[in-house]
Amino acid sequence: MRVPRYWRNKLFRYRLVGWRCVNCGAFHHSKPLVCKRCGSREFREVELPKTGKLLAYTVVKIAPKEFKDKTPYLIGLVELDDGTKILGQLTDFSREELREGARVEAVLRKIREDGENGIIEYGYKFRPLVG
Amino acid sequence: MVRLNGVAIQGYGGYVPRYRIKAAEIGRLWGREKQELPIEEKAIAGLDEDSVTMAVEAARIAVKRAGIDPKRIGAIHVGSESKPYAVKPTGTIVAEAIGAGQNILAADLEFACKAGTEAIQLITGLVESGRIEYGLAIGTDTAQGRPGDALEYTAASGAAALLIGKMTDDAVASIEAWNSYVTDTPDFWRREGENYPSHAARFTGQPAYFKHILGSINELLNGDGYSLEDIDHFVFHQPNVKFPLAVAKALRLEREKVSAGLISGFLGNPYSATSLLGLVKVLDEAKPGDIILLASFGSGAGSDAYILRVLDGILEKRNRAPKLKDFIERKIYIDYASYARFRGKLRLR
Amino acid sequence: MVEAALKALDDSGLSRVNSIYVGNMAGEFLQEQAHLGAIVAEDLGMVGTPAYRVEAANASGAAAIHAGALEIASGKADAVLVVGGEKLSDGLIEEVSSALLMGERQDYEGFMGADFYSINALLYKLYMKRYGVKDDLIAVFPMLSHKHAKGVAHAQYPFEVSLEKILSSPYISEPLRRFEVSGVGDGAAAIVLIGEELKSKIKAPKTELYISSATDFMTPFEREDPLRFQSLSVAVNKVLDEARVDRGDMDLIEVHDATSIMAAISLESSGFAEPGESGRLAMRGEFDLGGRLPYNTFGGLKARGNPFGATGVYQVAELHLQLTGRAGKNQVDSPMIGMAQSLGGVGGTAIVTLLKAV
């Protein structure tokens, strides 16, 4: 992806930082002007909890071209400890650990590289909770 | 030798990836017998890991143990010889990933396997002089072994971080003294643009590893105040299992004083992280009052040696985050094919 | 698109229109071609005629119909040509998936590779868990689409495919299988919309068109119920209201079966099946050509094809053929009212068209 776009979304990708509507609590991953749920205009910056539980997952076998060399990879739906539902790639799962209800934590990983010359795109993924 | 005053480790963290490859699996490709293998197995970074992601893992644990607001960190120095960007600092990515501020020092360091311990010297100087409140010293590597070369059995992945600040009641350990001993010795190197390092085989022993580690330790112990008997744990850089044991033998040390810090047999040699991971393992187990001597070695060549004194603060801080054994114990074995894919040995274009 | 447009114009008896609306999703990406409105106008020998491309992900064709219909309804135009087209096969299969991903948020699903199929796969799992059903009650929908496409001249895959074949095809994104999703298709479809003024002057068979649209949260998992396409529910209710008909009056339905699970959720969200029950109804033959509510009467997205921007127009053109008694061997018995549902993304947009025979 182009550098400016990557750079704009760093906070969310690195630390799950986003904005919550002060009125209804809806989470926005990029800076909103209007709440997508209730239309309110007031927000506070929040950093989402890094732990949660896995609700569902899928194994991507045929991927879009940007991810072709990463298959097979896992996409999961996670419910974080504050109730926020979030999508993310899963990583470091053994066969036995990969099941609904697994406790997970967010870690920083390489999502992809923009070819041999482009930037490396880092972002969060979820792995089984350690310790 | 440099004596320090009022500088302490406030938090520490170690990380090794989940994946393991047995030396025998590598040996299978090249026709090596079991007795020729220098270690049992090593830790390998996954497809989505690199020295940056591992540095962040270790840093996050160190910050968690220290229990400080990351905005109070004034410097982040990352030592590595496997930076994913030849030009673009790892330190700034780590800084943003842990929520540090912007007014910080963040240069990356290189000195083969001792770049991580080098960072400690720099940070202690900044802390002691009052220039910064806290600093992070990190060693991280996804060491690359040339297929078929002796180093392929041991080149591993891992990261460790020390959060250093002024002495307080809840500090983990004091950094009391350090010494660096360096000479221009080309035992192991990597030219610009090359994927894999080269080395001078036997020459990496006596004229390189042993000369510098012993040279650095001797300087540290010859200064007044410390003798070998005072020290409870020794942690040496460990490119394999034989070398650190040979140093122990040369210094006539009891096995128990060295064993806690040995990791290469089952983790391999993650270069800039190796001696620091040995330290992390010792800190996970040590008692307040224990004195640790840490001696790294980096090819090219040099050794940093430290005297550390474990303090009461370790008892509580140790339990705030996963210990190294939590990472060591979670293993997934991979075969050479996956290893080649994970470590970029496959030509994708 | 020109080919389809000429056929539609011929069928209508008109050689000129007031405006042209083009439905297309991926032209900029796969063909590096924008400005399709002016290009189609020129290629139709209609230089001078106002023309725009309209986009709403996979619902682009229906969105073009909506734009055209609004211009007619406003009184500003008497005749509007709507043509949808897409040439997906110019791209590799992974590029078509990338094109689909553009219908999701690039800064969320996009950055992590949570592509269209993986989102559907997660919904598939949630659906099976909530309703305690197995995949056969979802895979029945592509089977049904193929059954209806048999021998259809304009279908991409005019042949039957058994449930076993579908359930043994390889996974795209587990548990979603290859034969449960529409393929890489090329195609175009066109319709001519006219206003009251021209109604008496045009001799061609006509139907009355109603159309409504609604959006929903982009990510299904942020919706109140991820297994409900609220956008579709709202649009269906609006269009039924405008056309003053009930669900029970529907004689046939074109459902957006880009994936099997979307077909199931669509039928349930629009009230043609109880939640979790659509598969059972399909197994019982309710949606067969001779059933209570004939479904995807020429094969739908799965078997007739899903060239993104063309799809919404294909659906309405097919409804029109049915309601004017020109559906050939696929003719449903005397249909009076039909509905076409077009979805953008995974329900971020829903555009529902209702046709009444006149």
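Predicted model: local features only at pLDDT ≥ 70, side-chain atom pairs only at ≥ 80, totals over all residues.
How many Å separate the centres of domain 1 of chain A and domain 2 of chain A?

1. Layout. Chain A splits into domain 1, residues 1-47, and domain 2, residues 49-131. Going by C-alpha atoms, their centres lie 20 Å apart.

2. Contacts and area. On the domain 1 side of chain A, 11 residues are in contact, and they meet 17 residues of domain 2 of chain A. Together the two domains of chain A bury about 1,100 Å², with carbon and sulfur atoms giving 58% of that area. Have a look at A:Met1, A:Arg13 and A:Leu16: these supply 48% of what domain 1 of chain A buries against domain 2 of chain A, more than any other three residues.

3. Charges and polar pairs. I'd check the salt bridges next: there are 2 between domain 1 and domain 2 of chain A. Polar contacts between the two domains of chain A come to 8 residue pairs, both residues being at pLDDT 80 or more.

4. What domain 1 brings. Helices H1 (3-8) and H2 (10-15) of chain A each put at least two residues into the side of domain 1 that touches domain 2. H2(A) has the largest share of that side, with 4 residues. Sorted by class, the touching side of domain 1 of chain A has 7 nonpolar and 4 charged residues, and no polar ones.

Methods:
Residues numbered from 1 in each chain as written. Chains lettered and ligands numbered in written order. Heavy atoms only, no water. Domains from an automatic or database assignment. Contact = heavy atoms within 4.5 Å. Buried area = accessible area lost by both parts, 1.4 Å probe. Salt bridge = Lys/Arg side-chain N within 4 Å of Asp/Glu carboxyl O. Polar contact = N/O pair within 3.5 Å; in protein donor to acceptor, adjacent residues only side chain to side chain. Nonpolar A, V, L, I, M, F, W, Y, C, P; charged D, E, K, R; others polar.
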